[in-house]
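Please consult the sequence and the structure while reading each answer.

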Amino acid sequence: MSGHRPGAAESVRPAVVLGALGVVFGDIGTSPIYTFQTLFDPADPHPVPVTSDNVYGMVSLIFWSVMVIVTVTYVLLAMRADNNGEGGIMALITLLRRWTAPRGKRVAFGLAAVGIFGASLFFGDSMITPAISVLSAVEGLEVVRPGLHELVVPITAVIIVVLFLVQRHGTAVVGRMFGPVMVVWFAVIGLCGIGGITRHPQILRALSPTYALGYAAGHPATAFFALAAIVLAVTGAEALYADMGHFGRRAITRAWLWLVLPACALSYLGQGALILDDPANIRSPFFLLVPSWGRAGLVLLATAATVIASQAVITGAYSVASQAAQLGYLPRLRITHTSEHTIGQIYVPWINWMLMVSVLTLVFAFRSSSALAFAYGMADMGTITITTLLFFFVAHTRWNRPWWQLGLVAIPLLTVDLLFVAANLTKLVHGAWLPLLIGLTAFTVLITWQRGRRIVTAERLRHEGSLREFIESLHHDSSETTLVPGTAVFLNRGKETAPLALRANVEHNHVRHVYIVILSVETEPVPFVRHEDRVRVDYLGYSDDGISHISAHYGYMEAPDIPALLATVDTTALATADTAVPAEPIDFDQASFFLSKIDLRAGKKPTMPSWRKRLFIATSYVTADATEYFGLPYDRTVIMGARIEV
């Protein structure tokens with residue numbers, strides 16, 4: 001089964017490129033605000049001394065780090081590995097599960113676990129990015145008027161609260177404004193960079209890779225510790241890959257190469273030239289590139305750009321959480337689609353409020369972008385390194401590339417990634433522990449839910465019994481069961497077992513409906529499923545008893561709508577019951593829906609440690625209401641319970 005988002009990967013219309021600018025590049029496009037300042041920050045445990053050689057070396061290291069990690073790793077390589085048009089680390093996980101499972105379950109499980117940890121680190125990034133981005137922009141007020149220092153944190157908090165409050169309205173309308181704002185942003189920072197370069201045109205020599213390599217060879221300790229700040233220049237690189245399904249590889253590539261990369265490079269070069277002109281400018285080189293009369297306007301523009309950067313990473317967190325739930329790593333979450341035209345625009349309330357509380361906590365705890373910068377790079381470099389590793393496994397298994405050939409590219413790229421990771425580990429006690437803690441916590445929740453879900457599924461299989469045997473028993477001994485008119489739809493996990501609600505109806509209520517449809521919803525390891533592959537019907541051995549099984553297939557990027565799906569089913573093939581009750585045409589508009597609700601309890605069996613059992617049960621409380629999740633009518637839905645011990 002496959003499903004490709006129409007037009008996403010192929011279209012390179014200007015409107016698509018503009019949309020990519022507004023959503024994809026907000027994070028990496030606002031990195032020039034704080035990267036250079038953080039490098040030379042005296043508060044850093046390993047500050048870079050402000051000298052001419054160091055300025056040239058840092059500019060060159062920044063530029064070539066961006067070229068290697070963003071342009072080579074993501075644009076040229078990773079974005080070639082798509083799952084039916086969708087990208088991101090979750091897409092790599094599904095590709096690896098599909099291609100490595102036949103070759104060994106341990107390899108598939110190990111790679112999936114590494115990928116899930118990378119996705120877990122993204123949740124840490126989703127918390128830190130809004131905090132550091134908005135803080136860094138509002139801190140520009142201190143350049144305009146130093147007396148406004150005390151207002152930075154309160155203003156940042158207000159902006160963040162408003163940002164999360166408007167999420168429920170969706171980005172369909174606001175999103176159309178993002179692209180033009182980011183075009184203005186990149187044009188402005190590029191022009192400001194050119195203005196700085198005119199003071200010291202010699203800074204352009206830093207574009208040569210010999211400066212980066214020569215500096216790293218001549219000053220290895222300084223260059224190594226500086227990587228913990230240089231990583232800020234590549235934060236948000238994962239967004240290029242994760243949002244590929246919405247805009248397509250070609251549109252994102254063109255936006256990056258034509259506008260984003262040149263604008264960011266000019267800004268870094270201009271800031272370097274400004275510091276060469278006067279080392280005192282290191283206090284805020286980004287905002288000081290602008291004449292005093294234009295700084296207030298740049299602060300407003302930077303605030304808008306950082307809000308857009310925050311918006312992009314927040315919606316990315318919604319997408320990752322939704323895909324994780326579809327793949328069985330999180331419970332079923334309540335998801336709202338906020339656009340009738342764009343499938344990827346979703347709102348996940350539980351994730352939204354969790355992120356808001358986390359971001360506000362970070363703002364009030366760290367109180368400055370420089371303090372948060374120590375924590376920022378760890379999450380991104382962890383995700384980037386894992387993405388690089390998984391990509392080469394995909395290249396080996398999917399495209400049959402020999403390892404020796406891949407190693408010529410993989411070893412240098414992974415070496416660069418691991419150097420960044422090692423440099424960020426030196427900031428462990430200064431804040432780098434935070435994204436690791438968030439990532440480990442999220443990872444524990446994800447794998448615990450997957451493990452607990454398997455245990456519960458096995459217990460359900462034992463309680464429910466074989467569906468085929470249950471159908472046979474109805475055929476051979478139906479004297480104790482009363483037939484009632486109408487159609488009953490029982491949601492079930494598959495067609496191997498009898499739904500608990502159906503078994504309870506027959507064994508305890510001693511009734512069954514004329515027409516019984518057992519419906520299972522299957523999530524395929526593809527983003528979207530084609531219409532012709534959506535529904536499959538099985539009569540379970542008999543075509544004249546009114547009992548049938550329908551399997552509904554959805555991609556992991558889709559939300560199931562059961563009433564809409566049943567409206568597409570050919571009911572004439574199902575309505576063949578030969579019963580004592582006069583058969584009426586199947587009318588799904590009046591059908592009753594039956595759900596089986598499971599009450600979880602921690603048991604004594606050694607299935608998991610007791611703390612993981614408690615975590616699994618606690619996580620189950622965020623499960624979305626099945627009636628709402630599947631779009632079932634409340635007035636025609638019956639819920640029947642059962643208790644299972646984990």
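Q: Is Arg 530 buried, partly exposed or exposed in this predicted model?
A: The relative accessibility of Arg 530 is 39%.

Q: Which residue does the side chain of Arg 530 meet in a salt bridge at 3.9 Å, N to O?
A: A salt bridge requires a side-chain nitrogen of Lys or Arg within 4 Å of a carboxyl oxygen of Asp or Glu. Arg 530 belongs to a network of salt bridges that also includes Asp 533. The partner at 3.9 Å is exposed, with a relative accessible area of 56%. That partner is Glu 532.

Q: How many residues apart in sequence are the parts that Asp 538 and Arg 468 tie together?
A: Asp 538 and Arg 468 form a salt bridge, with the closest N and O atoms 3.1 Å apart. Asp 538 lies in strand β5 and Arg 468 in helix α21, so the pair ties together parts separated in sequence by 70 residues.

Q: How many disulfides does a search of the whole structure find?
A: A disulfide needs two cysteine sulfur atoms within 2.5 Å. The sulfur of Cys 192 is 13 Å from the closest cysteine sulfur, in Cys 264, and is therefore too far for a bond. The number of disulfides found is 0.

How values were computed
Residues numbered from 1 in each chain as written. Predicted model: local features only at pLDDT ≥ 70, side-chain atom pairs only at ≥ 80, totals over all residues. Heavy atoms only, no water. Helix = DSSP H or I, 4+ residues; strand = E, 2+ residues; numbered from the N terminus. Buried < 20%, exposed > 50% of the residue type's maximum accessible area, 1.4 Å probe, protein only.
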